[in-house]
Amino acid sequence: MPGPSIGTMLKEARAAHDLSLQDVAQRAGCSAGYVHKLEMDRVRTPSPRVLAGLAEALGLTYGDLMQAAGYEQLEGSPPTPQSPGAVKRYSNAHIVELL
């Protein structure tokens, strides 16, 4: 059974932290419009870099967001960080490998 959509995960986490779209966008390093589109499930392939920033901003796990966005975890991938601030920022080469 599939889990919640990425939009649902982001909306619920943002509401739980009582943050505005602008607050989340600033913390994640993207625009409020992009966060809104993600929350409405209107982005087909969200940027892994933005997902990492959102995971950190909202206290979610990067792996869970990546999975909800439709990315598959590669064997031998680094373990998913469990605490905010522990999200590893990947290089562009690693992101291409994930895609």
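Analyst: One term to begin with: a salt bridge is a side-chain nitrogen of Lys or Arg within 4 Å of a carboxyl oxygen of Asp or Glu. Also keep in mind that this is a predicted model.
User: How many salt bridges does that rule give here?
Analyst: The count is one salt bridge.
User: Which side chains meet in the salt bridge?
Analyst: Those of Glu 39 and Arg 14, at 2.6 Å, N to O. In general, side chains of opposite charge can pair when their charged atoms come close.
User: Where do Glu 39 and Arg 14 lie?
Analyst: Glu 39 lies in helix H3, residues 32-39, and Arg 14 in helix H1, so the pair ties together parts that are 25 residues apart in sequence.
User: Buried or exposed, Glu 39 and Arg 14?
Analyst: Glu 39 is buried, and Arg 14 is buried too.
User: Why does Arg 14 count as buried?
Analyst: Because its relative accessibility is 19%, and buried means under 20%.
User: What else is Arg 14 in contact with, leaving aside neighbours within four places in sequence?
Analyst: Besides Glu 39, the list has Leu 19, Ser 20, Leu 21, Val 24 and Leu 58.
User: New topic: helix packing. How do H1 and H4 cross?
Analyst: H1 covers residues 6-16. Its axis and that of H4 come within 10 Å and cross at roughly 30°. The crossing is left-handed.
User: Which residues make that contact between H1 and H4?
Analyst: From H1, Ile 6, Leu 10, Ala 13 and Arg 14. From H4, Leu 51, Leu 54 and Leu 58.
User: Right-handed or left-handed, the crossing of H2 and H4?
Analyst: The crossing of H2 and H4 is right-handed.
User: Which residues make the contact there, between H2 and H4?
Analyst: H2 brings Val 24, Arg 27 and Ala 28. H4 brings Gly 53, Leu 54, Ala 57 and Leu 58.
User: How does the H2 and H4 group divide into nonpolar, polar and charged?
Analyst: It has five nonpolar residues, one polar and one charged.

Notes:
Residues numbered from 1 in each chain as written. Predicted model: local features only at pLDDT ≥ 70, side-chain atom pairs only at ≥ 80, totals over all residues. Heavy atoms only, no water. Left-handed = near helix turned anticlockwise from the far one by under 90°. Helix = DSSP H or I, 4+ residues; strand = E, 2+ residues; numbered from the N terminus. Contact = heavy atoms within 4.5 Å. Nonpolar A, V, L, I, M, F, W, Y, C, P; charged D, E, K, R; others polar. Axes fitted to C-alpha atoms, helices over the stretch in contact; angles between N-to-C directions. Buried < 20%, exposed > 50% of the residue type's maximum accessible area, 1.4 Å probe, protein only.
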